[in-house]
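Hi,

Here is the structure I promised to pass on to you. Have a look at it first, and then read my notes below with the model open beside you.

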Amino acid sequence: MQHVYIIGSKGIPARYGGYETFVENLTAGKQNDNIYYHVASRSDNSQYGNQPVFYYNNSEIFNITVPNIGPAQAIVYDLKALSYALQDAKNNNYQKPIFYILTCRIGPFMKHYIKKIHQIGGFYFVNPDGHEWKRAKWSWPVRKYWKYSEKLMVKYADLVICDNRKIEEYIKHDYAKYHPETTFIAYGTAIGSSKLTPKSAIVKKWYAAQDVKLHNYYLIVGRFVPENNYEIMLQEFMLSKTKKDLVIVTNVKRNRFYHKLLQATNFTSDARIKFVGTIYDQELLKFVRENAYGYIHGHEVGGTNPSLLEALSSTQLNLLIDVGFNHDVAHDVALYWTKKSHSLANTIDKADQYSQEQLNQKRRQAQNIVKKEYTWPLIIAKYETKFGLYK
């Protein structure tokens, strides 16, 4: 039996988040009975927070309690989870256990932990995610820590699993002196249409409440953070000639970023722009994606972004910011725009001229990419093959 400890997600059952969704699907879709997952879960995120250990998706979930100490909470969580996992593997005499850490928060501590992992015959894998050190939400000292931590996480890793080929290229180039062992295994997404129809009560209620019509809106879905380029997307949409709406699904907060955005763009003066909050019903969200005219994607610091895969699987036309991560996923089936003035505006105006035949072709091409490379069964099989090599 190959025991795999997964550390770094907030835990499962998944309530939100890319890593949580990944772990949910990896465990639920397990194909190899010789692999057993142990998943760290933050007790304040779990409906089973009062239970030290519980079982879900035929996996062992161990709850970790951490004090609410701000940004450092995540670091303490990973360290406590790794310490628990090491002791558990040692107590149970598991042979060659794998410790798979999602994202690069605890690099300065890994020299200590890698010795313990190797002493029990274990292996340490890491998924660096995207360029966390580039995120605008972090102050300069925090960004510097992220970059330093990433360097050490890669240095000591037995394997670096990259969810995007451009991330793998970056790891190999920037950390060449460590000769990192890397592999590319992407994120996955679900395929298939929403079970809802235009006549469904929840659909009619939502579209009426937002004053939006089917196939007559562009869509943005993503976290409300500066590095997702909301300012550029809003400015450019306002410059475009489209008569369609812009529907923005995000956890918008009336914070400093919101007020800065409002001051820079005056987006409330444009009746086409509609912040609609978060859609928690996944069937409804899928329906909203499927019935958008086009999806606009401004993420530029991540790897293979989950919302991009969902858009390729659901939305007929995708307008993506021109960065390597996005090209690596969507290839030539999307329209690309840059940060230059009028680039996105012109792309929107061009998209408005597409015939239905062109739109149908783009939808088929995008869905074919997802079916070929990004379905969860494919991703799970790749992970299980990689885990199985370390018996």
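Let's start with a sheet: 6 strands form an open one in the order S11-S10-S9-S12-S13-S14, with parallel pairing. Helices (H or I, at least four residues) and strands (E, at least two) are DSSP runs, numbered from the N terminus, and two strands pair if DSSP finds at least two bridges between them. At the edges you'll find strand S11 (273–277) and strand S14 (335–337), each pairing on one side only. On average, neighbouring strands of this sheet are turned by 25 degrees against each other, direction ignored. For angles like this, axes are lines fitted to C-alpha atoms (for helices over the stretch in contact), and the values run from 0 to 180 degrees between N-to-C directions.

Before going on, a word on the source: this is a predicted model, where local features need pLDDT of at least 70 and side-chain atom pairs count only at pLDDT 80 or more, while totals for chains, interfaces and linings use all residues. Residues are numbered from 1 along each chain as its sequence is written, and side-chain values use heavy atoms, with hydrogens and water left out.

Back to the sheet. Strand S13 (residues 318–321) and S14 run parallel, joined by 3 bridges, and Leu320 stands opposite Tyr336 in S14. Two helices pack on this sheet. Helix H9 (residues 282–290) touches S9, S10 and strand S12 (294–297), and its direction makes about 135 degrees with that of S9. Helix H10 (residues 306–314) touches S9, S12 and S13, at about 165 degrees to the direction of S12. Contact here means heavy atoms within 4.5 Å.

Now zoom in on strand S9 (residues 217–221), where 5 of the 5 residues are buried. Buried means under 20% relative accessible area, exposed means over 50%, and partly exposed is in between (1.4 Å probe, protein chains only). Tyr217, Leu219 and Val221 cover one side of S9, with Tyr218 and Ile220 on the other, and all are buried. S9 runs parallel to S10, with 5 bridges joining them, and Tyr217 stands opposite Asp245 in S10.

Is Lys244 buried or exposed? It sits in the loop between helix H7 (230–239) and strand S10 (245–249), and at 13% relative accessibility Lys244 counts as buried. Its side chain makes a polar contact of 3.2 Å with that of Asp352; that term means a pair of N or O atoms within 3.5 Å, where within protein one must be able to donate a hydrogen and the other to accept it, and residues adjacent in sequence count only if both atoms are side-chain atoms. Leaving aside neighbours within four places in sequence, Lys244 also touches other residues, including Tyr217, Tyr218 and Arg272.

There is another open sheet too, with 8 strands in the order S3-S4-S2-S1-S5-S6-S7-S8 and mixed pairing. Strand S3 (53–56) and strand S8 (182–184) are at its edges with a single partner strand each, so one side of each has no neighbour in the sheet. Strand S2 (residues 35–42) pairs with strand S4 (residues 59–64) in the parallel sense over 5 bridges, and His38 stands opposite Glu60 in S4.

Finally, the whole chain: its secondary structure comes to 14 helices and 14 strands, and buried residues make up 56% of its 391 residues. The C-alpha trace spans about 65 × 45 × 40 Å along its principal axes.

Cheers
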